[in-house]
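I opened my notebook to look up aromatic pairs and helix packing. Here is the structure I worked from.

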Amino acid sequence: MATETQRGLSDHLRGVTVTTLACLAGVVAALASASVVGTDVAAATSRQSLLIVAGLVVLQFPILRVVGVDITDFGVKDYLYVAFMTFALWFITFGILLTEGVAL
């Protein structure tokens with residue numbers, strides 16, 4: 001009976017890990033944007049908040065490597081997925097924070 005050894009994460013666990021980290025990074029980016037830029041009317045047009053999102057998108061890839069996700073086989077679609085999910089969660093969360101005028 002041959003035994004197979006599996007390196008890294010299974011496909012399902014890999015997908016869940018990437019999605020969870022991207023979503024959490026988007027929420028963290030929104031909270032960081034709200035605390036750095038603020039939640040007033042001028043904060044809605046600040047480009048500094050976009051730099052925070054871009055920084056968190058880039059920061060995710062070393063974190064994924066540490067967690068055990070093999071990012072060497074990531075294609076363009078995978079990178080776009082991580083960027084889109086992070087941006088989408090940032091957009092929703094930051095929009096709520098701006099609408100409600102939450103002070104952090």
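My entries on ring pairs and on one helix contact follow.

Ground rules: I am reading a predicted model, where local features need pLDDT of at least 70, side-chain atom pairs count only at pLDDT 80 or more, and totals for chains, interfaces and linings use all residues. Residues are numbered from 1 along each chain as its sequence is written, and side-chain values use heavy atoms, leaving out hydrogens and water.

Rings. I paired rings of Phe, Tyr and Trp (its six-membered ring) with centres within 6.5 Å, calling planes under 30 degrees apart stacked, over 60 edge-to-face and the rest tilted. That rule gave me 7 aromatic pairs. Phe61 and Phe74 have ring centres 6.4 Å apart and planes at 85 degrees, so I noted them as edge-to-face. Both Phe61 and Phe74 are buried (under 20% relative accessible area, 1.4 Å probe, protein chains only).

Next I checked Trp90 and Phe94: their ring centres are 5.5 Å apart with planes at 20 degrees, so this pair is stacked. Trp90 and Phe94 are buried too. I also saw ring pairs joining Phe87, Trp90, Phe91 and Phe94 into a cluster.

Helices. I took helices as DSSP runs (H or I, at least four residues), numbered from the N terminus. Which residues of α2 meet α3? I found Ser49, Leu50, Val53, Val57, Gln60 and Phe61 of α2 against Tyr79, Val82, Ala83, Thr86, Phe87, Trp90 and Phe94 of α3, with contact meaning heavy atoms within 4.5 Å.

Key. Buried means under 20% relative accessible area, exposed over 50%, partly exposed in between (1.4 Å probe, protein chains only). Helices (H or I, at least four residues) and strands (E, at least two) are DSSP runs, numbered from the N terminus.
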